[in-house]
Amino acid sequence: MLDGLRVVELADESGEYVGMTLAGLGAEVIKLEPPGGAPTRAIGPFLGDEPGAERSLHFWNYNRGKRSVILDPGTPEGRADLKRLLASADILLDASGGAVAKALGTEPREIAALHPGLIVARMTAFGDAGPWKDYKSSDLVHLALGGVMMNCGYDPDPSGHYDTPPVAPQLWHAYHIAGDQMLVGILAALLHRLHTGEGQDLCVAIHEAVSKNTELDVMSWVMRRAPLFRQTCRHAAEKPTHVPSIGHTKDGRWYIATGVSVRDQTNLVPFLDNYGMAADLALPGAGADTKARNVPGSGASDEGKAHMLEIVQRFIRSWRYDTMPWREAQAAGLLWAPLRKPHENVGDVHWQKRGTFAEIEHPEHGRSFHYPVSRWLSTETAWKAGRRAPLLGEDTEAVMGGLAPRPPMTAPARPRGAPAPALSGWNKPFPLQGVRIFDFSWFLASAGGTRFAAALGADVIKVEWKDNPDTRLAAMSPVGGREARRAATAPLQGVTDPDMGGQFNNKNSGKSGLSLNIRHPKGLEIARRLIAQSDVVAEGFSPGVLERLGLGYDVQRGLRPDIIYVQQSGMGGVGSYGRFRTIGPVAAAFAGTSEMSGLPEPAMPAGWGYSYLDWMGAYSFATAIMGALFHRDRTGKGQWIDSSQCEAGIFLGGVPVLDWSANGRLWSRIGNRSPYKPAAPHGAYRCAGEDRWIAISVFDEAAWRALAKVAGRPAWLEDPRFATLEARLLHQDALDAAVGEWTAGQDAYACMHILQAADVPAGVCQNAEDRCDHDPQLEALAWMTEVTGTKIGRWPVAEIPAKLSRTPPYSGGIIDRGAPGYGEDNARLLGELLGYSSAEIAALAEENVI
């Protein structure tokens, strides 16, 4: 997709993932390293457990496909070389903490102005402005402040008290979350530049990106003032239960068996009965609604559903991990899957057929190693596995000796029309103006992707049909509306009107709504005519659905030769798992991310308290759409992309897969401790108040001395167990107890601020109330945008975190509105785009076409 583009990268672990992904999409990525090598070369694990600049598996994974150039921007020669490199580049990926701007003698936001046409993508911890902009951070601190940790962890005790801390999901996920959102911003900037020649500055604050990545907690608080509470390996919920959705096999492994709706019960009882293990479960009564679809975690629980899960766990305990009939359960329509470890996907025939993994040769070691290298399949473009990570400086001579100024922009193969530019809510142009997306997405994993496109100016037509509508019933608008919410001091009752769902509003704002029955011949014809006027068909159904309905890729190409068709399912259409039933938690279990997170064994996995792979799938979906648009506008060629939500998760597990491939080591859970970058203390510690915690990360001696001074514990510095980082790592239990004894009497925010004043990375484990009502940094970053829905009214929704200087996103989209009511724009769309009269539109409604 990005062949011919040059990226100059100056980044640590917070930004290297972006460069690795850009290289996978085809760009040439030049990594600038100081003479001693990038600091990430010192992050483990290491080949053979022998530290060395060329042996870091972390560096191998996140720098695959890049070229290494030694450059010191602090010297005159280095500054001159940096300027020459930027003159040749299309993108600067800057996660240097201001080092690039300092070398160039300017402000970070002004770098793009020095090099016309250059896109400057800056990854920052907390943004350019705001009271926390200079705070110290870490992956753990971001997952705490961003709300992820307060959604993830273990069930409370029977009294509702949390006797274990919130758990940060592994591994480097704050940087993955922010990185994938930055990729969407970079592609938007590339599309704008392709058609205008203009570069721009782009900044992503990791804190803002992570704070928007949780699923239900923010909108539940915004709409109804309802807090959510973490639960073991399942969605955080308003009223926690005590029955996890995972079961333990007799040999100590785990399976997820989620889904307790009427539809699930209809499939479950006969399946268990085949094995004589249905116990007292019975089929739903006559008249039960078998079509209802809820956002996972949004449905109310009760003892009946809890009992159903306990019967399922009894069934799982009857099997070994390798004999559990989960495939038969899937065939019966159940949402069951193994909790795999990351390496267990490498040998799976399904992923082998899709090219999800590749063996990459390391000539210096005389062998190859396994890497995850792809998120999707396509008819036109392909992911590049690339060569192994570069040796330090091995490309310096070749790159610097062949530098030339960036060639002039060539005219796009597919210029856009010349309508008046649509202006966003910020009175600036949209980067996707003139693009139309015919949108069959639903749930979050696909609908969230087209939501990004709408906020960036695409005309997104969301298609639904009443027999199988999108999930609208979650985080509902309160009875009494916005006024009731302003006055609320406790959780409010929600309405039941499906046009007034806060979660639906958040993931579909800026889109138009069309109700269309494509199973009816007239509905199918309408779809065909609208596809002929569209640039992209986006789809989130099970593989093969559109093809069986007469709207497969060959049909779409006949309607429009350069059409882009992007579909996303749980496992992807190509391969042996295409018909598997998946939602975010099932995909996370299969990908390996659920098994990775939690306290060490024998504790059970904590997993994720929200559909993590729904958002990561959404970012991947948006990246596929926008990358395909960029390729189409450059070459005139459309394509069909078969995207997989599970692959989006597998792609993130490169380091554990490499550790298994290189060292034969299997991932083991570590709680909140730092997995590979040595740090101690590193964890979440209880503070004063109910369920209040602070995350603290100490990577060096200066921060350790500062922590001891702030805590008033000089004895810590004299204790031989804590004398060095190596000693502290060997005595982490005792260290955690000592730090926890101090923090237990501290107000969480006061503790954070005093530690940050001493340059100790620390952050409160914030919940939705904290972020929405009390976080001054998010307020300074304008993380929410008010949009008005026709029926739901005016409410804040999350804004896209990428701050683009010339083409900023706006969550109201080109129609400046919240999410559509069901079929809200039928008359306008059919009239304006297809020329139907009001009488013809009324007749279509009578015939059950719309």
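In which sense do strands β17 and β18 pair, and over how many bridges?

Author: The model considered here is a predicted one. Strand β17, residues 459–464, pairs with β18 in the parallel sense, and four bridges join the two. One of the positions involved is Lys462, whose bridge partner in β18 is Gly513. Strand β18 itself covers residues 512–515. From this strand Ser512 and Leu514 point one way, while Gly513 and Ser515 point the other way. All of these residues of β18 are buried.

Burial may next be considered in a helix. Helix α10 spans residues 217–224, and eight of its eight residues are buried, so this helix is largely enclosed by the rest of the structure. Among the buried residues are Asp217 and Arg224, as well as Trp221 and Met223. Just after α10 comes Arg225, which takes a positive phi of about 55°.

A disulfide would require the two sulfur atoms to lie within 2.5 Å. The structure as a whole holds zero disulfides.

A loop residue provides a contrast in setting. Tyr275 lies in the loop between α11 (262–274) and α12 (303–316). With 32% relative accessibility, Tyr275 counts as partly exposed. Leaving aside neighbours within four places in sequence, Tyr275 is in contact with Phe315, Trp319, Pro325 and Glu328. The C-alpha atoms of Tyr275 and Ser368 are separated by 45 Å, and these two residues are 93 apart along the chain.

The last topic is the packing of helices. Two packed helices are described by the angle between their axes and by the distance between those axes. Helix α1 (residues 16–24) packs against helix α8 (residues 173–196) at an angle of about 50°, and their axes are 8 Å apart. That angle makes α1 oblique to α8. On the α1 side, the contact is made by Tyr17, Val18, Thr21 and Leu22. On the α8 side, the contributing residues include Tyr175, His176, Gly179 and Ile186. The crossing of α1 and α8 is right-handed.

Terms used: Residues are numbered from 1 along each chain as its sequence is written. This is a predicted model: local features need pLDDT of at least 70, side-chain atom pairs count only at pLDDT 80 or more; totals for chains, interfaces and linings use all residues. Side-chain values use heavy atoms; hydrogens and water are left out. Buried means under 20% relative accessible area, exposed over 50%, partly exposed in between (1.4 Å probe, protein chains only). Two strands pair if DSSP finds at least two bridges between them. Contact means heavy atoms within 4.5 Å. Axes are lines fitted to C-alpha atoms, for helices over the stretch in contact, and angles run from 0 to 180 degrees between N-to-C directions. Angles under 35 degrees count as roughly parallel, over 145 as roughly antiparallel, 65 to 115 as roughly perpendicular and the rest as oblique. A crossing is left-handed if the near helix is turned anticlockwise from the far one by less than a right angle, and right-handed if clockwise.
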